[in-house]
Amino acid sequence: MSFDERTPVLVGVGAVAQRLEDPSDAVEAVGLMAEALRGAADDAGAGELIGRLDQVRVTKGTWGYSDPARWVADAVGASQARSFLADVGILQTAVMGDAAAAIASGSADVVAVVGGEAKYRGLRASIAGVDAPDTDQGGAEPDDFVTPHGMIISRAEIDTGLVMATHHYAMIENARRFADEQTIDEHRDEVAGLWSRFAQVAASNPDAWFRDGLDAAAIATPENGNRMLAWPYTKWHNSQWNVDQAAALIFCSAGTARALGIDSDLWVFPWAAAESNHMVPVTERPELHRSPGFAHAGRALSGHLGMAPSDADHVDLYSCFPIAVRTQALELGLDLERDLTVTGGMTWAGGPLNNYVIQSAVKLAQVLRADPGSTGLLTSISGMITKQGASVWSTEPPAQPFANIDVTDAVAADLQPQPYRTGDNEQAEVVSYTVIWGREGPERAVAIGEFPDGARTLLVSTAPAVMAAAVAGEFCGRGIIARADGSFTPTD
């Protein structure tokens, strides 16, 4: 098949990890990123790609580097490259999509997308009581800094202490159980079974951080260190971010790949990407268990490619929590019984903040190369399923030119936030809830209530009897009284 010389193609992938008990022996995050980028150039069999880099795009992590792309570019001998930093809140698929779009438009010819974390190094340093400092770049600024607009969580959520991702995703999970009319036990078993299947994939992935392959019972049961965090989620339902992992992707134009003699068996084409950046806080979503953003992204990809995302041969869904996977599967038409990860997911393969999708893109590219002509679906989430991204890839060139599709406006038209207000001894109905645990046990129940006029409110109870009832039986749909002080009591 003939195709335009400006067609973007992924030609090199690299991933590295370290797990050293002595933090003084461990490389910091930017060092891991540089190593991954060198590995990507080696993977392409074209070391000269480094000298031709026009851009190095880095996704921001937990570290404090001010211009990590410049550090990485200089470290690998690509000082000519323009440095980009994508802040937390920018979809990782969007960073890849923008790289491909820059190549397709001719504004760049060779682009690297890089990310990495060294939180395990930091954890070991904390345990040992020693310093493991990151490089101080002296206030250097990237050539381009891409930042999100708006807040992922609302002021009311912050004021209520609902700030951890675990809390929000547990709320969404409980809303899904109620919508599916499942019992507590049915839901527990389904979620644990899904996560156990992810664990089995990680067990056969040599790059996975945890390869124990835990079974469903071990995941669901809060014992042996698997403590409850936010009901119904235990530790082993959560993304694990204390990892030292980095990954890099090198994109270039098909013309450049051909001119450099890069083996076409290594080429992986991004066919299309779609994203929504419309943000509605969890508390104000009309249906907590739905995601119009993924539904619109799926339809946009189908319309451009003539294939449904669910028809992809290989899939890696963003997997910070089970409900993230379950929501994407619902909106994209994927069977929950099929393989939904190529890595094992963010609990088991490792969940470096704001970098997992680059890690999974490396693995997906390897899977696609091993299965020539197959297609792959890669997704991304920012926030609390707040922003949504999806992309389709193949070793075959696309029938249509690469498209970077923004469905934000269409999603905004469909997803209007519910009004929010406080109550004054008013009756409301529980839309969803969770019970938040501390080290010593349950600390507070948090509920999203809906008043008869449709307005939402966020309420808390620290009453032991209320917390016990909330985990013993279904609390969604129950009547509560919203007190003026922000607390609630059940009506029955």
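A residue counts as exposed when its relative accessible area is over 50%, as buried when it is under 20%, and as partly exposed in between. This structure is a predicted model. A search of the whole structure finds 22 salt bridges. Side chains of opposite charge can pair when their charged atoms come close.

**Arg-197 and Glu-337**
- The side chains of Arg-197 and Glu-337 form a salt bridge, at 3.9 Å from N to O.
- Arg-197 sits in helix H8 (residues 184-203), while Glu-337 sits in the loop between helix H12 (322-332) and helix H13 (345-348), so the pair ties together parts 140 residues apart in sequence.
- Glu-337 has 59% relative accessibility, so it counts as exposed.
- Arg-197 has 32% and counts as partly exposed.

**Glu-331 and Arg-290**
- A salt bridge joins Glu-331 to Arg-290, with the closest N and O atoms 2.7 Å apart.
- The pair links distant parts of the chain, 41 residues apart: Glu-331 is in helix H12, and Arg-290 is in the loop between strand S9 (269-276) and helix H11 (292-305).
- Glu-331 is buried, at 13% relative accessible area.
- Arg-290 is partly exposed, at 33%.

**Asp-492 and Arg-478**
- Asp-492 pairs with Arg-478 in a salt bridge, and their closest N and O atoms are 2.8 Å apart.
- Asp-492 lies in the segment after strand S18 (488-490), and Arg-478 lies in the loop between helix H16 (464-472) and strand S17 (479-482), 14 residues apart.
- Asp-492 is exposed, with a relative accessible area of 66%.

Methods. Residues are numbered from 1 along each chain as its sequence is written. This is a predicted model: local features need pLDDT of at least 70, side-chain atom pairs count only at pLDDT 80 or more; totals for chains, interfaces and linings use all residues. Side-chain values use heavy atoms; hydrogens and water are left out. A salt bridge is a side-chain nitrogen of Lys or Arg within 4 Å of a carboxyl oxygen of Asp or Glu. Helices (H or I, at least four residues) and strands (E, at least two) are DSSP runs, numbered from the N terminus. Buried means under 20% relative accessible area, exposed over 50%, partly exposed in between (1.4 Å probe, protein chains only).
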